[in-house]
Each structure stands twice: as C-alpha cells, then as structure tokens.
Amino acid sequence: MTRTTDPVMILIFRGTHQVLSAEKRLKGGGVALRLIPVPRRLTSDCGLAIRIPLDQRDRAREILSRARLLPVSAHLPREGGEYDPVPL
C-alpha cells in the first residue's frame, strides 16, 4: 500500500494561528502530519489544513483537546474528491 492510499483525516481550523499551534502540539506529541492547502470542497477562513493518518486520530484528539485547539471540523476523503464530515 502506498502512502497516498493510506487512510487519512483532514482537520480544519478557524485560522492560521490555530493551524500552526495545532501543528506544533501534534508534532511535539509524535503525531505524523502534513500541512496542506484546504481542499476546494471544504471551506475555511484559513488556507491551511492538517492531514493526519487515520490511525493517529485518538492521539491527535487527546493532544488537541488538552491544548484546547480542537478543529472546527474533521473530514475523511472519499473517492471522487468528496469528503465526509466526521468527529475527531
């Protein structure tokens, strides 16, 4: 299985400051992540989102909850470029 087909989750935040703070906390907590442009089908006041492996969802929720940096929304990519909203 290649990296691009591994299940991922997209985290959307309120603004750039929150995204960068969340990135720092998640990296410090050992969560693999990538900063990405917000996908066109998802809206955000900020142009950045965080993509994490789905298997690190619980760890990410724990870290972000403790830091009071929970995303405004989380999404699972679907085939065809669509996204399903899900709880973090």
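**Helices on the sheet**

I looked up helix α1 (residues 16-28) and found that α1 lies across β2 and β3, at about 25° to β3. This is a predicted model: local features need pLDDT of at least 70, side-chain atom pairs count only at pLDDT 80 or more, and totals for chains, interfaces and linings use all residues. I number residues from 1 along each chain as its sequence is written, and side-chain values use heavy atoms, with hydrogens and water left out.

I took helices (H or I, at least four residues) and strands (E, at least two) as DSSP runs, numbered from the N terminus. For angles I used axes fitted as lines to C-alpha atoms, for helices over the stretch in contact; the angles run from 0 to 180 degrees between N-to-C directions. Contact is heavy atoms within 4.5 Å.

I then checked α2 against the sheet: α2 packs on it and touches β1, β3 and β5. The direction of α2 makes about 130° with that of β3.

**The sheet**

I traced five strands in an open sheet, ordered β2-β3-β1-β4-β5, with antiparallel pairing. Strands count as paired if DSSP finds at least two bridges between them. At the edges I found β2 (34-37) and β5 (83-86). Each has a single partner strand, so one side of each is left without a neighbour in the sheet. The twist averages 35° from one strand to the next.

I followed one pairing further. Strand β1 (residues 8-12) runs antiparallel to strand β3 (residues 48-53), over five bridges. Leu11 has Ile50 as its bridge partner in β3.

**Salt bridges**

I counted six salt bridges. The rule is a side-chain nitrogen of Lys or Arg within 4 Å of a carboxyl oxygen of Asp or Glu. For exposure I used relative accessible area: buried is under 20%, exposed over 50%, partly exposed in between (1.4 Å probe, protein chains only).

Which residues does the network of salt bridges link? I found Arg59, Glu62 and Arg66 in it. Glu62 meets Arg59 at 3.1 Å, N to O. Both lie in helix α2 (residues 57-66), three residues apart, about one turn of the helix. Glu62 also meets Arg66, at 2.9 Å, N to O. That pair is four residues apart in α2, again about one helical turn.

Glu62 is partly exposed at 42%, and Arg59 is partly exposed at 35%. Arg66 is exposed at 59%.

I also noted a salt bridge between Arg78 and Asp84, with the closest N and O atoms 3.4 Å apart. Arg78 is partly exposed at 43%, and Asp84 is partly exposed at 29%.
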